[in-house]
Amino acid sequence: MPACSTKCGKTAILKRPKTGDALCKECFFEAFENEIHYTIERAKLFRPGSTVAIAASGGKDSTVLAYVLKLLNEKFNYQLKLVLLSIDEGITGYRDDSLNTVKQNKEDYGMDLKILSYKELYGWTMDEIVAEIGRKNNCTFCGVFRRQALDRGAYLLKVDYVATGHNADDIAETVLMNILRGDIARLNRCTSIITDSGDGIPRVKPLKYAFEKEIVMYAYFKKLIYFTTECVFAPNAYRGHARVLLKDLEKIDPTIIMNIIKSGEDLKVAETTKIPTLTRCVRCNYVSSQDVCKACILLEGLNKGLPRLGIGKSSKVKRLLKENEEKTSSCNSKNCCNAKPEKSHCLCKTTIPSIS
Ligand SMILES: Nc1ncnc2c1ncn2[C@@H]1O[C@H](COP(=O)(O)OP(=O)(O)OP(=O)(O)O)[C@@H](O)[C@H]1O
């Protein structure tokens, strides 16, 4: 191996995937951490004195995020209170094991940990949902429920920010995916380093410009404990295609990852493109682009034995909801689940508690 390209006098032990520089371990750590610090400073991600919930899945990205945020917080005196927030989707052999890793992180990093489960929030585990709907489309339930669960957790913890471990590869993949789908309305949002769920608690992505390969290298050389198993249920097929495409492109030229992110950031959405307007779900008060939010529709489908209710076009969903409402009678509750009395008991208790 050649000498470290920073001329620190040490021997290089790796070639940085992002820049091609040959670096020693210490110089790699410094470069990687400084870039994240620069990202945080440039985007003014955090106000001093804030509380930040790190969305911790136990995987490499959120583990590195927790470790680096703690380190930078101390080194640069960000004055942040860091806590861990985990969502237990109820996937046996996957999330139960990865949550053990998060519990270990809690001890190692001295951070409080809050775990919220789909079971307590929605009345269903992902194992139960997959038993009902099968392996196709289950990622839709998981993604929609997780997004909302993280917001609910943040709300309960009264934090100022939720930081997720989304990295440069994740963002480039999402840009590609939205282009392939023609979903230009989502394109702008997916590259934003700060997004607002609508409840006033911003989501931030401090690893937005960190390459996945470098995150793995960092975790490896720092000997961080993280969970590596893939989800036991079918991976998101569409994202899988974008991922394969990106990996192929990266082999030709690694800078393609940054170029795709930059293209996504700079694209201007045509005025004719329909951008959904955000309102409140009439049932749970969660932010939504429809009268009833996607999570409530998916849950209603599950509770009524119509698990495909929320899958597909919103016009089809509206029609099915209307048909179903005509067949049902409701209890006196404002948030009644409209379960058919002749078929099952009223399921109001399993509607999502309202955010107010
Ligand atoms: N169950 C969960 N609980 C809390 N946060 C989660 C959970 N699942 C995902 N996240 C957050 O969303 C980010 C992106 O999730 P994704 O499913 O793409 O995982 P990933 O890219 O494998 O990341 P990681 O390596 O952290 O698991 C994670 O880095 C984490 O911050």
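Author: A crossing is left-handed if the near helix is turned anticlockwise from the far one by less than a right angle, and right-handed if clockwise. Helices (H or I, at least four residues) and strands (E, at least two) are DSSP runs, numbered from the N terminus. This is a predicted model: local features need pLDDT of at least 70, side-chain atom pairs count only at pLDDT 80 or more, and totals for chains, interfaces and linings use all residues. Residues are numbered from 1 along each chain as its sequence is written.

Reader: In which hand, left or right, does α2 pass α9?

Author: Axes are lines fitted to C-alpha atoms, for helices over the stretch in contact, and angles run from 0 to 180 degrees between N-to-C directions. Helix α2 (residues 60-75) and helix α9 (residues 212-221) have axes 10 Å apart, at about 65°. The crossing of α2 over α9 is left-handed.

Reader: Is Ala-56 buried or exposed?

Author: UniProt, in an unreviewed entry, lists Ala-56 under "binding site"; such annotations may be inferred rather than shown by experiment. Ala-56 lies in the loop between β3 (51-55) and α2. A residue is buried if 20 or more other C-beta atoms, placed from the backbone, lie within 10 Å of its own, exposed if 12 or fewer, and partly exposed in between. Because Ala-56 has 31 other C-beta atoms within 10 Å, it is buried.

Reader: How many other C-beta atoms lie within 10 Å of Ile-87?

Author: Ile-87, also on that UniProt list, lies in strand β4 (residues 81-88). Ile-87 is buried, and the number of other C-beta atoms within 10 Å is 25.
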